[in-house]
Amino acid sequence: MKENVIEVKDLYKSFKGKVVLDGINISLKKEENLCIIGKSGSGKSVLLRSIIGLFEPDSGFISVFGKNLDDLHEDEVISLRKKVGYLFQEGALYDSMNVEENLAFPLKRQPHPKSHKEIKEAVRLALQRVGLLSSINKMPQELSGGMKKRIALARTLILEPEVILYDEPTTGLDPVTSKEIIELILEMRATNGISAIIVTHDMYCARLTADRILLLNNGKMDVEGSFEELKRSDQEWVRAFFE
Amino acid sequence: MKKDTEQPEENIPEKSEKSKGNFFRTLGELTVFTSRFFALVWHPPYELDELFTQIFRLGYKSLFLVTTTAFIIGFVMSLQLYPSMKTFGAEDLIPNMVAIAVIREIGPVLTGLICAGKTGSGIGAEIGSMKVTDQIDAMSISGVDPYKYLVVTRVLAMTITMPFLVIYSAGLSLIGSYVAVNITDDMSVTMYINSAFDYMYFYDFVPSIIKAFFFGFTIAMVSCFYGYRADYGTVGVGKAANASVVISSLIIFFLDMLAAQLSHYYQSNFV
């Protein structure tokens with residue numbers, strides 16, 4: 001049995017008295033693709049941000065690669081984050097930098113940075129992998145939504161993470177571009193053994209990428225299963241997601 | 001682990017409803033935010049490339065506005081002073097009056113306000129839009145301290161640049177004044193310079209330069225602070241830019257008043 005790379009136990013998070021996460025328990029195994037679906041505003045992004053340490057939970061336990069986030073100093077959290085990539089909903093490319101600089105940015109700032117030549121080569125390879133080498137000199141403003149997400153994925157991959165957290169990877173994209181992103185997610189696992197937590201509304205994306213699906217509802221995560229299992233659920237609100 | 005003060009997108013209405021106007025809370029947050037600068041500025045990596053980029057962006061790109069405004073202020077001051085001074089037969093004192101005014105007071109304050117308007121709003125809007133589009137979080141996740149990359153470099157760049165802009169602005173105002181004096185009268189450059197600096201002493205220059213350092217630091221720090229606190233969405237970016245200008249301008253006036261008091265005390269007791 002594969003070991004857990006991420007483990008969340010009894011996670012609570014509220015904002016100004018409004019409970020967003022109400023005792024969440026999840027685990028992600030090595031090379032597993034876990035999909036989290038739920039209504040808008042149900043706290044899916046908050047959960048992802050809590051896992052990466054951008055939000056501090058009110059209570060609960062988050063373990064990443066066997067390390068409890070609560071026990072880590074900020075420097076240790078930063079170094080742990082390098083093993084966990086995060087694909088933001090809108091890509092979050094740095095506006096003031098072109099594609100090459102966006103990708104080189106994290107590499108240049110590692111404790112033991114690679115040489116200039118090695119960084120250039122790593123950037124080239126990462127862009128080749130997402131099929132956008134021709135956009136190397138473009139500014140983010142010149143890219144379409146799908147291209148931005150692919151470049152953002154390349155920027156995530158360049159640090160060679162072992163887990164990637166995808167926040168709505170296909171939202172707002174046309175079906176063709178969505179399919180390209182989905183293929184990239186699957187390729188990441190096939191070629192690099194990268195585990196993933198994918199937060200999405202897109203049932204097509206969930207069906208193709210997920211080994212396991214969790215439903216987040218009113219801050220709780222009580223429903224779990226494969227796409228086909230959940231589609232045949234006897235609970236109407238669960239089936240509603242899959243119709 | 002990072003403490004989050006942000007809220008999720010889900011709670012935007014709640015967030016905007018809550019007043020952020022609590023003066024002491026904001027002051028406390030600004031103090032904590034500023035103290036991080038002194039904790040981080042000494043430690044590598046130093047981000048020199050970004051520092052020089054910001055010196056160019058914040059300093060060099062303000063030159064046109066500073067040049068135009070400073071020249072016009074010197075020019076107009078001299079023209080406005082002329083009729084009154086002529087009444088007393090004291091036209092020769094115009095260069096000295098203008099020099100004292102622009103070097104001691106108008107140069108630093110005017111340049112500070114120009115920079116608060118142009119540079120401060122730019123920094124507030126830039127960092128604010130980075131915040132609302134998750135670029136700051138993206139930096140943090142990739143193992144880079146965004147405070148160090150964004151705030152330390154901008155604050156240092158502005159603090160270094162401001163004194164040069166103040167000296168430049170004072171020089172331009174004197175040139176403007178010289179041109180105006182020669183419209184109404186005839187005065188050589190040498191005579192103008194002699195007259196301008198006749199009653200000026202070293203201690204007239206020093207407070208201006210010290211003030212300029214503080215103004216530069218304040219503008220950049222306040223603007224970064226409001227940018228970092230930007231709410232979600234474009235409204236938040238606008239608010240951040242606006243608050244950057246308003247608050248840094250107010251602090252400039254406050255610091256100027258404090259500097260005038262200290263300068264007066266020093267001159268009364270030690271000179």
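This is a predicted model: local features need pLDDT of at least 70, side-chain atom pairs count only at pLDDT 80 or more; totals for chains, interfaces and linings use all residues.

Colleague: Start with Pro95(B). What makes Pro95(B) count as buried?

Modeller: The cut-off is 20 or more other C-beta atoms within 10 Å. Pro95(B) has 24 C-beta neighbours inside 10 Å, so Pro95(B) counts as buried.

Colleague: Where is Pro95(B) placed, and which residues is Pro95(B) in contact with, leaving aside neighbours within four places in sequence?

Modeller: Pro95(B) belongs to helix α5 (residues 94–132) of chain B. Its contacts beyond those neighbours are Ser177(B), Val181(B), Tyr192(B), Ser195(B) and Ala196(B). There's also Ser78(B), 17 residues away along the chain, whose C-alpha atom is 7.7 Å from that of Pro95(B).

Colleague: Zooming out, what does chain B consist of?

Modeller: Chain B has 10 helices and 0 strands. Its C-alpha trace spans about 70 × 35 × 35 Å along the principal axes. Of the 271 residues in chain B, 42% are buried. As for contacts in chain B between residues at least 6 apart in sequence, 87% of them join residues at least 24 apart.

Colleague: Over to chain A. Why are α5(A) and α6(A) called roughly parallel?

Modeller: Helix α5 (residues 145–157) and helix α6 (residues 175–192) of chain A pack at an angle of about 10 degrees. Angles under 35 degrees count as roughly parallel, and therefore that is the label for α5(A) and α6(A). The other value to quote is the distance between their axes, 10 Å.

Colleague: Which residues meet there?

Modeller: From α5(A) you have Gly146(A), Lys149(A), Arg150(A) and Leu153(A), and they meet Thr177(A), Glu180(A), Ile181(A) and Leu184(A) of α6(A). By class that contact comprises 3 nonpolar, 2 polar and 3 charged residues.

Colleague: What does α5(A) lie across?

Modeller: α5(A) lies across β6 and β7 (163–167) of chain A, and runs at about 170 degrees to β6(A). Those strands belong to an open sheet of 6 strands with mixed pairing, in the order β6-β7-β8-β3-β9-β10 (chain A).

Colleague: What makes β6 and β10 of chain A the edge strands?

Modeller: β6 (84–87) and β10 (220–225) of chain A each pair on one side only. From one strand to the next, the twist averages 20 degrees.

Colleague: How do you know that β6(A) and β7(A) pair?

Modeller: Pairing takes at least two bridges between the strands. 4 bridges join β6(A) to β7(A), and the two run parallel. Leu87(A) stands opposite Tyr166(A) in β7(A). In β6(A), Val84(A) and Tyr86(A) point one way while Gly85(A) and Leu87(A) point the other, and all are buried.

Colleague: And how do you know that β3 and β9 of chain A pair?

Modeller: By that test again: strand β3 (residues 33–38) and strand β9 (residues 212–217) of chain A share 5 bridges, in the parallel sense. One of the partners is Leu215(A) in β9(A), bridged to Ile37(A).

Colleague: There's another sheet in chain A. Why do β2 and β5 of chain A count as edges there?

Modeller: That one is an open sheet of 4 strands in the order β2-β1-β4-β5 (chain A), with antiparallel pairing. β2 (18–29) and β5 (67–68) of chain A each have a single partner strand, so one side of each has no neighbour in the sheet. Helix α1 (residues 44–51) of chain A packs on the sheet and touches β1, β2 and β4 of chain A. Within the sheet, strand β1 (residues 4–15) and strand β4 (residues 59–64) of chain A pair in the antiparallel sense over 5 bridges, and Lys9(A) stands opposite Phe61(A) in β4(A).

Colleague: Last one: how many residues are in the largest nonpolar core?

Modeller: The largest nonpolar core has 133 residues, and those with the most contacts inside it include Ala154(A), Ile198(A) and Cys224(B). Helix α7 (residues 146–184) of chain B gives the most to this core, with 16 residues. As for contact between the chains, 19 residues of chain B are in contact with 31 residues of chain A. On the chain B side, helix α6 (residues 135–141) gives the most, with 4 residues.

Notes: Residues are numbered from 1 along each chain as its sequence is written. Chains are lettered from A and ligands numbered from 1 in the order in which they are written. Two residues are in contact if their C-beta atoms, placed from the backbone, lie within 7 Å. Axes are lines fitted to C-alpha atoms, for helices over the stretch in contact, and angles run from 0 to 180 degrees between N-to-C directions. Angles under 35 degrees count as roughly parallel, over 145 as roughly antiparallel, 65 to 115 as roughly perpendicular and the rest as oblique. Ala, Val, Leu, Ile, Met, Phe, Trp, Tyr, Cys and Pro count as nonpolar, Asp, Glu, Lys and Arg as charged, and the others, Gly among them, as polar. A residue is buried if 20 or more other C-beta atoms lie within 10 Å of its own, exposed if 12 or fewer, and partly exposed in between; C-beta atoms are placed from the backbone. A nonpolar core is a set of buried Ala, Val, Leu, Ile, Met, Phe, Trp, Tyr and Cys residues joined through C-beta atoms within 7 Å.
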